[in-house]
Amino acid sequence: MYSEKVMDHFMNPRNVGEIEDADGVGQVGNAKCGDIMKMYLKIEDGVIVDAKFKTFGCGAAVATSSMATELIKGKTIKEAEMITNKAVMEALDGLPPAKVHCSVLAEEAIAAALQDYRARHGLDSDSTYEGCSGCCGGCGRLDQHDENNGE
Amino acid sequence: MEKPVIYLDHAATTYVKPEVFEAMKPYFIEQYGNASSLYDVGRASRKAVEEARAAIARCIGAAEPGEIYFTGSGTEADNWAIKGAVYAARKKGGKHIITSAIEHPAVMETCKFLKKEGFDVTFLPVDSEGFVNPEDVEKAIRPDTVIVSIMYANNEIGTIQPIKAIGEITRKHGVLFHCDAVQAAGTIPIDVRDLGMDLLSISSHKFYGPKGVGALYIRKGVRLENLIHGGHQERGKRAGTENVAGIVGMAKALELAIANMEQYTDKISKLRDKARDLILSRIPYVRLNGPVENRLPGNLNLSFQFIEGESLLLLLDMKGIKASSGSACSSGSLDPSHVLMAIGLTHEIAHGSLRLSFGEHNTEADVDYLVDALEEIVARLRSMSPLYEDFVKANKQT
């Protein structure tokens with residue numbers, strides 16, 4: 001059901017781990033949905049010089065985290081912000097329909113880490129990331145989604 | 001090095017035993033007749049079907065072969081039992097169904113469908129090990145209750161229900177008792193008369209028989225509305241040309257299972273106990289789901305904290321180990337197992353579950369290989385889990 005690329009990034013995930021002195025850290029998802037992604041960024045002169053992640057989740061969640069870190073490394077903050085879940089999916093040669101929400105989570109993890117970076121450095125932004133409400137919504141479970149919003 | 005294949009998913013399906021396949025073979029090319037035809041090849045098929053019916057009746061303690069009806073699957077048998085019973089009772093004011101919160105989808109989804117059609121359904125809760133309390137069954141019975149449907153043994157966590165006690169209650173109150181015995185048949189002795197059952201479903205491919213064939217026991221005198229309409233097969237109750245080879249295979253497989261039951265269950269329960277004890281002693285933060293006693297002999301269900309089940313299954317598969325999980329992600333749905341939720345697990349613990357079901361060909365060496373593989377995989381997944389990271393950091397602070 002998974003493409004070879006997804007399996008490769010699941011079996012040999014790139015950039016797993018933590019960055020002790022990260023400039024930005026973002027965590028999205030929740031255990032209820034079965035996916036949590038935590039992303040660490042090292043940023044110098046507006047460029048992402050290093051990215052690492054930790055993920056609790058299925059094969060697709062690990063693979064999208066891995067690919068997302070690969071895609072943003074060496075990019076400027078602006079460029080990283082332009083990376084969508086679609087780009088992550090395409091780089092992995094696609095995902096099964098039920099797993100598309102994992103790529104959304106990867107996009108949100110990047111956004112959350114960049115937002116944390118801006119907050120720490122007092123930077124303004126033309127786009128704000130509101131934070132994951134708990135469930136990414138990509139799973140289609142709107143009832144859970146609403147529940148989490150209320151929490 | 002060639003990767004071994006260690007199949008630990010016998011609750012999902014089993015292979016066909018060679019003796020069973022041999023028994024089926026003549027009915028594909030030589031004895032291909034329609035069991036409804038008058039001429040000799042047809043008559044040979046009819047004879048084979050009726051012998052199989054008698055064999056299955058003997059295996060489950062039915063009073064006569066005519067109480068066994070062949071179906072296309074266990075799921076069809078479950079659908080027929082419940083829909084057939086309530087549709088037949090509707091005219092007389094029957095409206096209510098009692099079942100449990102941990103039934104197989106074949107029963108659960110059938111009940112949900114009937115609820116939409118206007119029937120009332122009570123889903124009884126279970127305790128933390130998955131047991132239904134017979135007193136709850138009795139309390140739930142109403143004047144318009146038609147049927148109680150409780151599974152013999154649970155497919156995920158192996159809990160064997162107090163079926164006999166439930167049968168006594170349904171008999172006392174004059175309501176029908178249907179039992180989904182798909183996981184139990186071939187592993188636990190079944191005597192429908194002793195257990196007070198009116199309807200019982202079984203499925204061939206769970207006890208080393210072929211796929212695509214099941215049976216419903218209907219106690220003589222119980223009236224069901226037909227589910228499949230068409231020809232006059234199965235005494236006018238279940239239309240469709242008989243799957244002769246499948247039926248022969250199912251009967252052969254059940255007879256073999258019953259002849260070797262003690263030896264088989266002894267073997268697989270020893271392997272299961274060994275795996276359980278080794279895993280619990282060597283891997284930290286693991287929870288056993290389901291009971292220790294009154295459990296299917298080959299069933300083991302564990303939750304590994306801080307990790308997710310599908311990742312675990314993929315990495316086990318890379319090592320040649322075939323298993324299943326109650327994790328949402330592995331099933332195509334996005335909710336974790338309803339069974340694990342019903343016994344009170346949190347979402348994150350339910351997501352990290354693993355079901356291992358042992359069978360005839362498994363060995364002690366398989367168990368050793370499994371435990372080594374699990375130890376390595378669980379450590380690897382935990383090392384990349386933010387939940388484990390939080391847990392370790394919180395522990396350091398205290």
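Tutor: The cover over the buried residues of helix H1 of chain A includes helix H2 (59-72) of chain A, together with helix H11 (309-318) and helix H15 (364-383) of chain B. Here contact means heavy atoms within 4.5 Å, and helices (H or I, at least four residues) and strands (E, at least two) are DSSP runs numbered from the N terminus. The model is predicted, with local features needing pLDDT of at least 70 and side-chain atom pairs pLDDT 80 or more, while totals for chains, interfaces and linings use all residues. Residues are numbered from 1 along each chain as written, chains are lettered from A and ligands numbered from 1 in the order written, and side-chain values use heavy atoms, without hydrogens and water.

Helix H1 spans residues 4-11 of chain A, and its buried residues are A:Val6, A:Met7, A:His9, A:Phe10 and A:Met11. Buried means under 20% relative accessible area (1.4 Å probe, protein chains only). An α-helix has 3.6 residues a turn, so residues three or four places apart point the same way.

Of the 151 residues in chain A, 54% are buried. Among contacts in chain A between residues at least 6 apart in sequence, 61% join residues at least 24 apart. Chain A exposes about 6,500 Å², with 49% supplied by carbon and sulfur atoms; accessible areas come from the Shrake-Rupley method with a 1.4 Å probe, and for residues only the protein chains shown count as cover.

Conventions. Buried < 20%, exposed > 50% of the residue type's maximum accessible area, 1.4 Å probe, protein only.
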